[in-house]
Amino acid sequence: MVARLVIAAPSSGAGKTTVATGLMAAFAGRGLAVSPHKVGPDYIDPGYHALATGRPGRNLDAYMCGTELIAPLFAHGARGCDLAVVEGVMGLYDGAAGQGELASTAQVAKLLRAPVVLVVDASSQSRSVAALVHGFASWDPEVRLGGVILNKVATDRHEALLREALEESGVPVLGVLRRAPAVETPSRHLGLVPVAERQAQAVEAVAAQAEQVRAGCDLEALLALARSAPELSAAPWSAEVGGPLHAGGSAVPALPRTPSGGTPIAPAKRVPTARPVVAVAGGAAFTFSYAEHTELLTAAGAEVVTFDPLRDEALPEGTRGLVIGGGFPEMYGEQLSANEALRKAVAELAASGAPVAAECAGLLYLARTLDGRPMCGVLDADARMSSRLTLGYRDAVAVSDSVLAAAGTRMRGHEFHRTVIEPGAGAQAAWGLRQPEPRVEGFVQGGVHASYVHTHWAGAPAAAARFVERCG
């Protein structure tokens, strides 16, 4: 049994990331092995969590992976740890649009049987804080609200008023944090600036967050609350083909199915020959990835090698498959374009028919141009920045057979970008989507699968096995 806390808030912007990261770093500084987790599809916050704990930040997304996998994925990440801290998403009760509590922080807290600590931005209120906390504590009796951390408190007098009001709520105050510019993390068009782009400053920010939490929070009370969580009966998720809670297991909620909803398509078999090298893009331009993807590729028989398209002029030696995830290529367009040798190598690999899986940033990198600058030219399409934010969960059906899925395979994903690509789909599209309106999108050509839709392969692990099989 792992002691655990969920850090939530009434809404975005209250300071969840600051508090959660600060708690992780503060407890890790005490010598505890801390397991970091993030509710939802966010890629950036887990980077700060990893910096605070020295362990991979892991996502718990009930929409993309299914409710059945939340506890097993948590147990997989938290195995051997003393404490797990789970940062929520948006407001405590906010989830997938129009689908009730699905994918909300509250739902994940219930699935983990974990107590919740509510981070409240108290900057513009006093006695009203009691009404707000009472409402959140009583909305769902299955959610155990174990305490409150008051953030952005102005003065001692302000703190006294807040504490007096909360005495009537019955919810204990476990921390009071003053405004502190040193703990703030800069943001831009898609949220916080990733750790990989500001490593030294990020280290300083996390250290400042830990110090603020140590000074303002009752760490002993928070640890006691975490240890009061009841036993969680869940077999840890496994990336091994045929292992517990893998493809074909009853806990996988979204097995690929035929268009008619018939028999699930069996996962590809493990590659029996020498381990093929699968190159995975990293570095500052491509920071979006889930830890489970690498684990699944490795378990399926691949040798995963990371490379940096901003610095490396060639793909890793022996590359037989390429994965380019999300990130911010629009911020590094000039440097990516200037690395002509690597762009040519990527184009040659794609032309050879080798498996290439590209999501969002990867899609832009494979395009002919990005904001007018030459990219890899694998796709006859041009990309550019846009003022419009495209954001939301997606129910996707594979339109074409590809290196990731057979036509008709159902997967769940997420879009999050401020760019557009024209055309939006190739002669063979990648996915058919139902929301926000029916459309097809993405590109399947040869061994290339390129799309704006981010997927979490733990929810459809046959995709990784299929990809590695095509590398043989």
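The model discussed here is a predicted one. Gly 95 belongs to the loop that runs between strand E4 (83-87) and helix H4 (105-112). Leaving aside residues up to four places away in sequence, Gly 95 touches Met 90, Leu 102, Ala 103 and Ser 104. Ala 430 stands 335 residues from Gly 95 in sequence, and their C-alpha atoms are 26 Å apart in space.

The packing of two helices may be considered next. Two packed helices are described by the angle between their axes and the distance between the axes. For helix H2 (residues 45-53) and helix H7 (residues 199-216), the angle is about 70° and the axes are 10 Å apart. H2 and H7 are therefore roughly perpendicular to each other, and their crossing is right-handed. On the H2 side, the contact is made by Tyr 48, Leu 51 and Ala 52, while H7 contributes Gln 199, Ala 202, Val 203 and Val 206. By class, the residues of this contact comprise six nonpolar, one polar and no charged.

Helix H9 (residues 291-299) shows how burial can be arranged along a helix. Its buried residues are Glu 292, His 293, Leu 296, Leu 297 and Ala 299. Viewed down the axis of H9, these residues fall within an arc of 165°, so they line one face of the helix. An α-helix has 3.6 residues a turn, so residues three or four places apart point the same way. Just after H9, Gly 301 adopts a positive phi of about 115°.

Methods:
Residues are numbered from 1 along each chain as its sequence is written. This is a predicted model: local features need pLDDT of at least 70, side-chain atom pairs count only at pLDDT 80 or more; totals for chains, interfaces and linings use all residues. Side-chain values use heavy atoms; hydrogens and water are left out. Buried means under 20% relative accessible area, exposed over 50%, partly exposed in between (1.4 Å probe, protein chains only). Helices (H or I, at least four residues) and strands (E, at least two) are DSSP runs, numbered from the N terminus. The arc is that of the directions from the helix axis to the C-beta atoms. Axes are lines fitted to C-alpha atoms, for helices over the stretch in contact, and angles run from 0 to 180 degrees between N-to-C directions. Angles under 35 degrees count as roughly parallel, over 145 as roughly antiparallel, 65 to 115 as roughly perpendicular and the rest as oblique. A crossing is left-handed if the near helix is turned anticlockwise from the far one by less than a right angle, and right-handed if clockwise. Contact means heavy atoms within 4.5 Å. Ala, Val, Leu, Ile, Met, Phe, Trp, Tyr, Cys and Pro count as nonpolar, Asp, Glu, Lys and Arg as charged, and the others, Gly among them, as polar.
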